[in-house]
Structure formats: structure tokens, C-alpha cells
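Hello,

Here is the structure I promised to hand over. Please have a look, then read the notes below.

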Amino acid sequence: MARVLVVEDDAAINDVVATRLSRDGHEVTQAFSGSEARLLLGGGADAFDVVVCDLMLPGVTGEELVGLIRARDAATPIIVISARATAADKIGLLGLGADDYLAKPFDLDELAARVEVQLRHRGVASEPTGLLRYRLWTLDAEARTLTIDADTEVPLTKIEFNILEALARRPNKVFSKSELFELAWGEPFAGDDSTVAVHVSNIRAKLRASGTDDYIKTVWGMGFKLA
């Protein structure tokens, strides 16, 4: 299991990044300011296997944080995520000691892939996430498949699988539509409740033949959970 520090003051972005990297089997610690990150790094930058860091942070800036990490440890990979995307910004950060730079808005899968690259360079292997089982369902998070009763595979889109995976990982939790949106789409909620409802309806339709469509329960006024 890799230890990842995510430093981002936008709580929505921080949460979706942390959720995505946790899904890959990493142990994620969240910091919402440069000052908080500095405290977490107090025991040494090598407390983490990789750091994902924004630049415009309250307290200690991202640039200062990169310099602080590099002053203590030359090995810990640092991936900068920032809306500042000029060539000069990238060159300056790489020169300061960052290992990679990803401009906002970014694709979560691309960020996850870049984290894996840095971990391989460091010689840290991620643990496989394995299978998720719920009643007759078996979800394979690596193959991105849903099998019913061990022999019937149900075709799902990327978003549909993401929704079911979020529900199956925490079967007792009631997820609001905004939470499911952010987990499934990997971006802050856009304010349209109908988007999630339509996808849940499509999932239920695909599950109907297996008799497991009622596994997804609507909690009125709140959201969805597994029954």
C-alpha cells in the first residue's frame, strides 16, 4: 500500500482525488492548506511515498512546500496540480524539485496513472483492490466488470460501474446524489440531480433480468444506498 499526501484547498477536488487514489489501493492523507501539509510532513517527507500538491494554497504556498520537501528529502515524488499552466510555471516547478506537473482541469485517470509511474520509479507497488461482493453481485474493480451469481456478466458503462462500485464499497452508507456524482464522474457536482437519477435508472434496467435491481434502494429526500 502506497502512502499518498494530497494537498489541495478546494475540498471537492481534494475529496474526489483522495477517493480515486484510495480506490487504487493507496492510503491517502488529505491536507487542505500548505500549513496543514507542513505539519503532516513534520516527521520527514519520507512519511509519504508520493505527494500531490496544488500551488495556490493558504498559509504555506505550493512552491514553498515543494522547496521544503526537497530540502528534507530528495527522493519523495511530488506531482503538482495547478490552474497555472504556462511553460514558465512548469519549468520553474520542475526546476524547484517537482517530478511532474498536471494542469487543471485534469482527468482523474491520468493523475492516477502518473501517481503509479512515480511509485514505480520509487519502487513502491500498489496492492490490488481485489473483488467486491454484495449478495449475488461480484464487482471486479480491476477488470471493471459486474458478475451476477458467479456466471452472468452485466455490461456497464464507465459511469454506471463507478456508481455501483461506490455503493458496494460502503453498503450501509446513504449516498447523496452530489456524492455519487463526484465519485462517478470524478469532478465537482454540477447541481443537476437528474443526471445521477437517470444513470441509476439505467443500472436498474440492466439488473432487472437478474432480479437484483432492487438491491439499489432509493432513500427519499437523501439519495441511494444498497438495500
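What covers the buried residues of H1? The cover includes two strands, S1 (3-7) and S2 (27-31). It also includes the helices H5 (108-122), H6 (158-169) and H7 (177-185). Keep in mind that this is a predicted model.

First, helix H1. It runs over residues 11-23. Its 13 residues should span 18 Å at 1.5 Å a residue, and the end C-alpha atoms are 18 Å apart, so the two agree. The buried residues in H1 are Ile13, Asn14, Val16, Val17, Ala18, Arg20, Leu21 and Arg23.

Both ends of H1 have something to show. At its start, Asp10 brings a side-chain oxygen to within 3.0 Å of the backbone nitrogen of Ala12. Just after H1 comes Gly25, with a positive phi of about 95 degrees.

Next, Asp54. This residue sits in strand S3, residues 50-54. Is Asp54 buried or exposed? Its relative accessible area is 3%. Buried means under 20%, so Asp54 counts as buried.

Which residues does Asp54 touch? Setting aside neighbours within four places in sequence, Asp54 is in contact with Val7, Glu8, Asp9, Gly62, Ile81, Ser82 and Lys104. With Lys104, there is a polar contact between the two side chains, at 3.4 Å.

One item comes from a record. UniProt lists Asp54 under "modified residue: 4-aspartylphosphate", in an unreviewed entry.

Best wishes

Note on methods
Residues are numbered from 1 along each chain as its sequence is written. This is a predicted model: local features need pLDDT of at least 70, side-chain atom pairs count only at pLDDT 80 or more; totals for chains, interfaces and linings use all residues. Side-chain values use heavy atoms; hydrogens and water are left out. Helices (H or I, at least four residues) and strands (E, at least two) are DSSP runs, numbered from the N terminus. The expected span of a helix is 1.5 Å times one less than its number of residues. Buried means under 20% relative accessible area, exposed over 50%, partly exposed in between (1.4 Å probe, protein chains only). Contact means heavy atoms within 4.5 Å. A polar contact is a pair of N or O atoms within 3.5 Å; within protein, one must be able to donate a hydrogen and the other to accept it, and residues adjacent in sequence count only if both atoms are side-chain atoms. UniProt positions are given in the numbering used here, feature names are shortened, and annotations may be inferred rather than shown by experiment.
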